[in-house]
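Me: I am new to this structure and would like to learn how to read its features one by one. Could you take me through them slowly?

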Amino acid sequence: MRVQCQILSEDEKQRIHTESLKILEQIGVKFLSQRALKIMKDNGAKVDDDTGIAKISAEMVEQALKTAPKSFVLGGRDPARNVELPRPTAGYVLDLGGVFTRDFKTGERRYATLQDNNDAMRVFDEMALSSVVWPHSMAEGDTPNSNAIRLVLNSFMYSSLHVQDEFSEPEEVPYIYEAMAAILGSEDAVKQRKLYSVTYCTLAPLVHEGGMCDAYLDMIEFEAPILIYPMPCTGSTGPCSLFSNIAMGNAEALSSLVLFQMAHPGTPLIFGDASGSTDFASGGFLEGSPEMVLMTAALGEMARFYGLPNTQQGCQTDSKEPGPQAVMEKLVTTLPLVLSGADLVQGPGCLETSGCLCLEQIVIDEEIGGLCKRIRDGIDFSAAKNLYDDVAQIGPSGHFLMQDSTLEACRSDEFYAPKLFDRHTFERWSELGRPDTYSKARERVEEILATPQKNPLPDDVIGKLEEIMRKADEELN
Amino acid sequence: MSIEDIFQSILQLKRGEIADLVQAEIDAKTDVGVILEQGLINAMGEVGNQFTEGKLFVPEMLRAAETMKIGLEVLRPLLVEADIKPRGTVVIGTVAGDLHDIGKNLVGMMLEGAGFTVVDLGVDVAAKAFLDAAGEHQAELVAMSALLTTTMPVMADCIGRFKEANMNSRILIGGAPVNQDFAIKISADGYSSDAPGAVELAKKLVPAQ
Ligand code: B12
């Protein structure tokens, strides 16, 4: 059977649900957006106009859960890379939320450029299990107000995957939709194919932002999927126990679910979580900790409890450098998610608490994903795998290397073939120049970037996207 | 009873004891300046050192700062009488469009512990509000925090406005996406990557009289 790990018992899920409802009903959630407050009020929340706090009933949550779709497809620019949610095995979301890049040539940490975004897209495109990309964050440039548009449109050009954005300004929306219409050939296809989705973070503890919330309500009729992504940090912006931080994060997520379902019933929502734990020595937010993944995996189970697709933060590290800490933290923050059945894991590509892109880390993270999937797939007990006859034929002594079953199986999924591990003898490994995991990852990056992009957009579409970017530069700066 | 007890009560986070200890020193006619410097501020200096060395955790540092403040409240009327002024005034806030405040709060608490008066404008603070508050409180320092690439330019704008208005407050900046190069580029007076560093900078820019 598939290997299954369970973070929460049935009783614990029920307790979290009850606790979250209690938070929503008795403490309430604050909305800085008047529009959101009105929606909550019109749908039965008890709203205090002075504080902007809405108390949300269990019935409202029930109602929202009824209209939220249980499954939908995140369209890939290449339809072959569509992501059906929920998924049988975890897919991965390229995490380029940070501002810095570790320069591939010099190893120096510097502000990210558009080129870094595009290189990362190309590398991630070739990784197995890649599902969704987040564009990079860019600090500099001559066109600060259209940076985000440039990043999204370039992501469409250099990646064939679904693009998910940490949406910032409502003015950006028309340009992005025009670009998708150019890619897909019609406006109808834009709504239908869903090449683009957005991330919505609540402000822990228990607050919904004003401007950002309005921007999401503005674009809700486009029916772009929304990733609900609370980030309470246990010990700083969240209570200092995993249990209560989970319950509060879940309450924030449920309040977002209610808001978007009341605003537009049927809006596709991904019920995600990016909780963190506090580094008590500095107050910093930790993403590479075992506590982080216990919380996000638990909330992945809550998503399934509600029957909703999910994205969970994982495959993360607080390490500043590629190396042992990065690998250990990423492995330990991926495996529980994969084993507990998360749909999407958001994390590959970054070091430094989602702060810094590292191209070779994308390749390392693919390997981590592959290893975790292998554990998840477990032991195949089908009749075809019962090789009793082989055992009988060989009998005591002898070997199985020449059996048909061995020949067949040696390249099958039953035996995971790592791309980066060295399994040579000591002598052969020395002759090869003692390659390590990261040097192999670097070679893979070099190889990908040296070959022409697979699956580029047609020239005329690229021309149209470039025109849209020029227009955005002019009109927004 | 001694100044040492006051110092220790802060290091041992004894929120419930400090008021009585400070009152006892006042009753014993110890110089208020001495109570302030050797009892309260020195203790917070030690707290800062232990924090920098990684020995003290943030929740402990915050409780120490809170303890110090309770002691300071007892002393305050006498400080006013004796005309003893704080080391300087810092106006602090997270810039417009940005709601991240964990780091900013840490920096504020540490500055308070170092003897500065801290005026916290909260989050989403517009350039004009920084300008107004710095004028109103005659702030020697203005500390701005930004955690988003989209809000970093607000810092540059703010510095420009301070220059235009001929304000001589010195400006510190910080936050995860900010670095030294950016600070130089926008002509900030200082940058630090963490809260203890922010205190060092502040002390350098506003030397004790
Ligand atoms: C916690 C967090 C949140 C919380 C904030 C809660 C709160 N009350 O502050 C919540 C969930 C609300 C949040 C929301 C968002 N966030 Co946020 N958030 C973070 C996170 C994970 C940690 C920040 C933090 O608190 N660190 C811990 C503190 C102690 O560190 P610090 O702030 O850096 O402060 C230290 C130093 O920088 C320095 N310092 C700080 N200020 C100052 C000032 C001076 C003068 C000096 C000298 C020093 C100094 O000293 C501090 C103490 O040592 C960061 C990622 C990261 N690792 O930084 C993302 C991050 C900053 N967020 C990000 C984003 C995108 C967002 C959202 C837009 C997400 C969304 N789509 O909704 C919203 C924006 C809301 C808004 N308008 O501001 C991105 C920014 C990327 C970019 N483009 O710039 C980051 C980098 C995450 C990522 N990789 O995607 N976020």
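Me: Between which domains of chain B does the second largest pocket lie, and why can that be said?

Reply: Please keep in mind that this is a predicted model. As a general idea, rolling a probe the size of a water molecule over the atoms shows where empty space is left. Here, the second largest pocket lies between domain 1 (3-81) and domain 2 (88-205) of chain B, because both domains give residues to its lining. The space in this pocket comes to about 630 Å³, and among its 25 lining residues, those closest to the centre are Leu36(B), Lys85(B), Pro86(B), Arg87(B) and Gly115(B).

Me: Which elements give two or more residues to the lining of the second largest pocket, and which classes of residue are found there?

Reply: One reads a lining by element and then by class. In chain B, helix H3 (32-52), helix H4 (58-81) and strand S2 (116-120) each give two or more residues to the lining of this pocket, and H4(B) supplies the largest share, with seven residues. Sorted by class, the lining of the second largest pocket holds twelve nonpolar, nine charged and four polar residues.

Me: What should I read from a cavity, and which residues line the largest cavity?

Reply: A cavity is read in much this way, by its volume and then by its lining. The count comes to three cavities of 30 Å³ or more, and the largest cavity has a volume of about 50 Å³. The largest cavity is lined by Tyr92(A), Phe124(A), Met127(A), Ala128(A), Leu129(A), Ser130(A), Pro348(A), Ile362(A), Asp365(A) and Glu366(A). Helix H13 (residues 359-377) of chain A gives the most to this lining, with three residues, and by class the lining has seven nonpolar, two charged and one polar residue.

Me: Where does the ligand lie, and which residues around it are the closest?

Reply: For a ligand, one may begin with its place and go on to its surroundings. The ligand lies between chains A and B, and of the 43 residues that surround it, the closest are Leu99(B), His100(B), Asp101(B), Ser145(B) and Thr149(B). By class, the shell around the ligand has 19 nonpolar, 19 polar and five charged residues, and the largest share of that shell, four residues, comes from H5(B).

Me: Which residue is the protein donor of the cobalt atom of the ligand, and which backbone atom lies 2.7 Å from an oxygen atom of the ligand?

Reply: For a metal, one looks for the donor atoms of the protein, and for the rest of a ligand, for its polar contacts. The only protein donor of the cobalt atom is His100(B), through NE2 at 2.3 Å, and His100(B) sits in the loop between strand S1 (88-94) and helix H5 (102-113) of chain B. A backbone N or O atom of Leu99(B) is the one that lies 2.7 Å from an oxygen atom of the ligand. A nitrogen atom of the ligand is 3.1 Å from a polar backbone atom of Gly97(B), while in chain A a polar backbone atom of Thr353(A) is 3.4 Å from a nitrogen atom of the ligand.

Me: Which residues are joined by a cis peptide bond with omega of about -5°, and which residue has a positive phi although it is not a glycine?

Reply: A cis peptide bond, with omega about -5°, joins Leu85(A) and Pro86(A), and Pro86(A) lies in the loop between strand S5 (83-85) and strand S6 (91-94) of chain A. Ala204(A) and Pro205(A) are also joined by a cis peptide bond, with omega about -5°, and the place of Pro205(A) is the loop between strand S11 (196-200) and strand S12 (207-208) of chain A. Arg434(A), although not a glycine, has a positive phi of about 50°.

Note on methods. Residues are numbered from 1 along each chain as its sequence is written. Chains are lettered from A and ligands numbered from 1 in the order in which they are written. This is a predicted model: local features need pLDDT of at least 70, side-chain atom pairs count only at pLDDT 80 or more; totals for chains, interfaces and linings use all residues. Side-chain values use heavy atoms; hydrogens and water are left out. Donors are N, O and S atoms within 2.8 Å of the metal (3.2 Å for Na, K and Ca); water is not among the atoms, so sites may look incomplete. On a 1 Å grid over the protein atoms alone, a cavity is a set of points where a 1.4 Å probe fits but cannot get out, and a pocket is an open set with protein on both sides within 12 Å along at least five of seven lines; lining residues have an atom within 4 Å of a point. Grid points are joined across faces, edges and corners, and a volume is the space filled by probe spheres set on the points. Ala, Val, Leu, Ile, Met, Phe, Trp, Tyr, Cys and Pro count as nonpolar, Asp, Glu, Lys and Arg as charged, and the others, Gly among them, as polar. Domain bounds come from an automatic or database domain assignment. A residue is near a molecule or strand if one of its heavy atoms lies within 4 Å of it. A polar contact is a pair of N or O atoms within 3.5 Å; within protein, one must be able to donate a hydrogen and the other to accept it, and residues adjacent in sequence count only if both atoms are side-chain atoms.
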